[in-house]
Amino acid sequence: MLGCKRTDYISWDEYFMGIALLSGMRSKDPHTQVGACIVSQDNKILSMGYNGFPNGVSDDDFPWNRDGDPLENKYFYTTHSELNAILNYRGGTLEGSKLYVSLFPCNECAKAIIQSGIKEIIYDSDKYGQTPSVIASKRMLDAAGVSYRKYIPSGREVTMSL
C-alpha cells in the first residue's frame, strides 16, 4: 500500500514569490530591495534578477542615495530587478511567461516586459501605485494585454538560518 502524500506543501505562487523576495535580498540598495523571478507556462524558473548596478560597474564607485543632483544619486545608474531578470535570461523566448516581482514595475520595466513577451505579472507591493510612472506602466500593460494581479499572502511563515 502506498503512503499518503503531504498536503501542506507551498503553492506555486508562494514558491515563486518567495524566490523573488529572496532574490531581492541580494540587492545592496540601502533603501529598496526588489527581486524578480520569471517562470515558464509550465512552472519552470527561467531567470531571476534584483535591483543593482550593471555588470562591471562597481557599486562602491557610484552613489546609492535617492536625493540631490541626478548624477549623484542612484537612479541613472541602477538596473531594476525586472529588467535584470529579462537581460539575465539566456534561453530562447520569454513569450507567454509569468513575472513574479516584489514591487509593481515602473513604466520603463513595463516596456521591457511587454517587448519580451511576458504575459502575466504577479506583484507583492504596489506602494508607488499612484505615481505617474506606475500609472503609465499600467496603461501600457493594459493596452498590450499583459495581465497583472496582486500576490495574496497565505500567512505561512518561512524561517531560515544561513
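**Aromatic pairs and other local features**

Mentor: Bear in mind that this is a predicted model; in it, the count of aromatic pairs comes to 9.

Trainee: What sort of pair do Phe53 and Phe62 form?
Mentor: Phe53 and Phe62 form a tilted pair, with 6.0 Å from centre to centre and 45° between the planes.

Trainee: And are those two buried or exposed, or something in between?
Mentor: Phe53 counts as buried, at 11% relative accessibility, whereas Phe62 is partly exposed, with a relative accessible area of 30%.

Trainee: OK, what about Phe104 and Tyr123, how do their rings sit?
Mentor: Their centres are 4.9 Å apart and the planes stand at 80°, so the pair of Phe104 and Tyr123 is edge-to-face. This pair links distant parts of the chain, 19 residues apart, since Phe104 is in the loop between β3 (98–103) and α3 (107–116) while Tyr123 belongs to strand β4 (residues 120–125).

Trainee: Buried or exposed, those two?
Mentor: Phe104 is buried, with a relative accessible area of 4%, and Tyr123 is buried as well, with a value of 10%.

Trainee: Which residues make up the ring cluster?
Mentor: Ring pairs join Trp12, Tyr15, Phe16 and Tyr100 into a cluster. Of these, Tyr15 is in helix α1 and counts as partly exposed, at 37% relative accessibility.

Trainee: Switching topic: where does Asp29 lie, and is it buried or exposed?
Mentor: Asp29 is located in the loop between α1 (12–24) and β1 (35–39). With a relative accessible area of 4%, which is under the 20% cut-off, Asp29 is buried.

Trainee: So what does the side chain of Asp29 reach?
Mentor: The side chain of Asp29 reaches the backbone nitrogen of His31 at 2.8 Å, and the side chain of Asp29 also makes a polar contact with the side chain of Lys74, at 2.6 Å.

Trainee: Which residues is Asp29 in contact with once its sequence neighbours are left aside?
Mentor: Leaving aside neighbours within four places in sequence, Asp29 is in contact with Asn51, Trp64 and Lys74.

Trainee: Next one, what is the phi of Asn43?
Mentor: Asn43 has a positive phi of about 60°, although it is not a glycine. As background, most residues other than glycine have a negative phi.

Trainee: And where does Asn43 lie?
Mentor: Asn43 sits in the loop between β1 and β2, and at 18% relative accessibility Asn43 counts as buried.

Trainee: Last one, Thr79: where is its place in the chain, and what is it in contact with?
Mentor: Thr79 is found in the loop between β2 and α2 (81–88), and it counts as buried at 11% relative accessibility. Apart from neighbours within four places in sequence, Thr79 is in contact with Tyr50, Asn51, Gly52, Pro54 and Asn84.

Note on methods:
Residues numbered from 1 in each chain as written. Predicted model: local features only at pLDDT ≥ 70, side-chain atom pairs only at ≥ 80, totals over all residues. Heavy atoms only, no water. Helix = DSSP H or I, 4+ residues; strand = E, 2+ residues; numbered from the N terminus. Buried < 20%, exposed > 50% of the residue type's maximum accessible area, 1.4 Å probe, protein only. Polar contact = N/O pair within 3.5 Å; in protein donor to acceptor, adjacent residues only side chain to side chain. Contact = heavy atoms within 4.5 Å. Phe/Tyr/Trp six-rings, centres within 6.5 Å; stacked < 30°, edge-to-face > 60°.
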